[in-house]
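Please open the structure in your viewer and keep the selection tool at hand.

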Amino acid sequence: MKLYPLFADLSGRQVLVVGGGVVGERKAAVLLEAGARVAVGAPDLTPALLGWVQAGRMQWLRGSFEDAWLDDAWLVVAATSDKVLNARVAALAETRRVFVNVVDDAEQSSFHVPAVIDRAPVTIAISSGGHAPMLARLLRERLETLIDPVVGPVATLLAQMRQRIRVRLPDMALRRRFYERLLNGPVQGLLRRGQWALAEASTERLLDAIEAKPAGSVVLLGAGPGDPGLLTLRGLRALNEADVILHDRLVSVEVLALARRDAERIEVAKQAGNHHTTQTQIHALMLAHAKAGRRVVRLKGGDPFVFGRGGEELEFLRSHDIPYEVVPGITAALACAAYAGVPLTHRDHAQSVRLVTAHCQNSNDTLDWAALAQERQTLAVYMGTSELPVIRQKLLEHGRAASTPFALVENGSRPEQRVVTGTLANLVEQASMHEVRSPALLIIGEVASLASTLSWFGSPPLGSLAAPAPSLSNAAAA
């Protein structure tokens with residue numbers, strides 16, 4: 001975010017518009033509507049501007065620009081066709097610490113005039129930072145069709161009842177629940193039909209019926225692999241309803257940015273071999289916040305039920321009578337493969353998929369390597385970057401061909417995604433050469449060869465499927 005969004009109350013405050021042409025007229029009209037005391041400085045005025053002056057709606061500073069015009073101004077708009085004059089106005093405003101907008105000159109401006117959707121008293125402003133005003137206007141046109149005009153009356157009703165609501169519901173969590181029920185109830189429909197009294201009565205009934213203490217709950221939410229566009233609609237709703245978000249370290253900042261701004265965010269950093277927060281501590285945090293009446297979102301990368309200990313967390317919540325819900329996420333195997341252009345199944349190459357975790361020696365010892373080494377299947381190995389030598393050795397020992405293709409997908413679906421390809425024989429060497437780091441998903445099987453031809457996201461794959469393969473005995477000894 002390059003600009004700080006700000007809504008200014010200009011009622012009764014003087015705003016200077018330098019320029020009496022069509023552009024100055026357009027700027028003055030909006031400022032008058034906002035209740036500002038507008039002064040227009042220019043040698044001549046458009047007929048509309050002159051009419052507003054004669055009607056006493058605004059002041060005319062007749063003549064060429066003078067420094068004194070800035071004396072009482074809260075804001076300044078430079079709207080002349082003279083770039084030198086506009087630059088002078090901007091420089092003088094800067095020295096006086098007065099915000100200035102130079103029309104069609106983002107660099108000279110200290111504030112920008114957005115495209116506006118008016119649902120008074122609700123105002124929605126869209127800014128491109130002054131660099132793409134036509135894009136801002138296009139977005140405004142699209143949003144105009146989506147935002148119900150009843151938003152204005154709803155805001156007016158809530159403004160009238162605000163003080164009573166705050167007194168009746170001093171607890172923020174209770175107040176938030178009240179507003180959510182209100183806005184999802186019949187009030188909007190009543191206002192749309194012009195039935196103001198019925199809308200007020202419905203609001204009063206809901207306010208009187210709200211419970212004294214909010215009930216806490218937990219949503220187990222899969223954040224997906226990182227691309228915020230892959231979050232489900234139900235997941236987005238849960239993030240916007242959350243009071244507390246307990247999130248893994250690998251949940252992307254872009255996904256977290258979709259959550260309600262005032263939600264408390266607690267990182268429960270867990271990754272292979274580096275547990276800053278133990279599972280027991282996570283359980284305790286969920287319990288404490290839910291018992292306090294908060295809505296908790298346990299936000300996990302990928303899907304909570306695929307190597308995410310989601311089952312353990314639900315068992316704990318159930319044993320303590322905490323209401324819970326599960327919102328699935330797109331797991332790494334599906335997302336990373338798709339973003340690397342690797343189909344997990346293919347009629348010519350693989351008729352089955354196995355999802356495997358290999359983040360420690362214990363898990364490697366319990367895997368059925370003979371079954372995993374079979375041909376015409378795809379292995380998707382989670383959390384395996386530190387165990388690549390063991391994975392290669394075990395698969396080769398149990399009969400998997402050294403020429404079997406692999407694709408390592410690092411930071412799958414994110415802008416920094418990298419894909420490293422090769423064969424099982426040179427898996428360790430390729431990963432080391434390209435310094436592959438977690439989070440990375442390893443795909444082994446014939447379908448991995450398609451990464452080189454079907455890739456579509458990010459940079460082309462690194463590595464080569466044609467790299468020379470060491471002998472079976474050397475590979476197994478690596």
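**Stop one: the largest pocket**

The model is predicted: local features need pLDDT of at least 70, side-chain atom pairs count only at pLDDT 80 or more, and totals for chains, interfaces and linings use all residues. Residues are numbered from 1 along each chain as its sequence is written, and side-chain values use heavy atoms, with hydrogens and water left out.

A pocket is an open set of points on a 1 Å grid over the protein atoms alone, with protein on both sides within 12 Å along at least five of seven lines; lining residues have an atom within 4 Å of a point. Next select His 112, Val 113, Pro 114, Val 116 and Ala 125, which lie nearest the centre of the largest pocket among its 49 lining residues. The volume of this pocket is about 2,100 Å³.

**Stop two: the largest cavity**

A cavity is a set of grid points where a 1.4 Å probe fits but cannot get out. The structure holds one cavity of 30 Å³ or more, and the largest cavity has about 40 Å³ of space. Select Val 356, Ala 358, Leu 367, Trp 369, Leu 372, Leu 379, Val 381, Ile 391 and Leu 395 to show its lining.

**Stop three: Val 353**

Finally, select Val 353 in strand β15 (residues 353-357). Val 353 counts as partly exposed because its relative accessibility is 32%, partly exposed being the range between buried (under 20%) and exposed (over 50%), with a 1.4 Å probe and protein chains only.

Notes:
Helices (H or I, at least four residues) and strands (E, at least two) are DSSP runs, numbered from the N terminus. Grid points are joined across faces, edges and corners, and a volume is the space filled by probe spheres set on the points.
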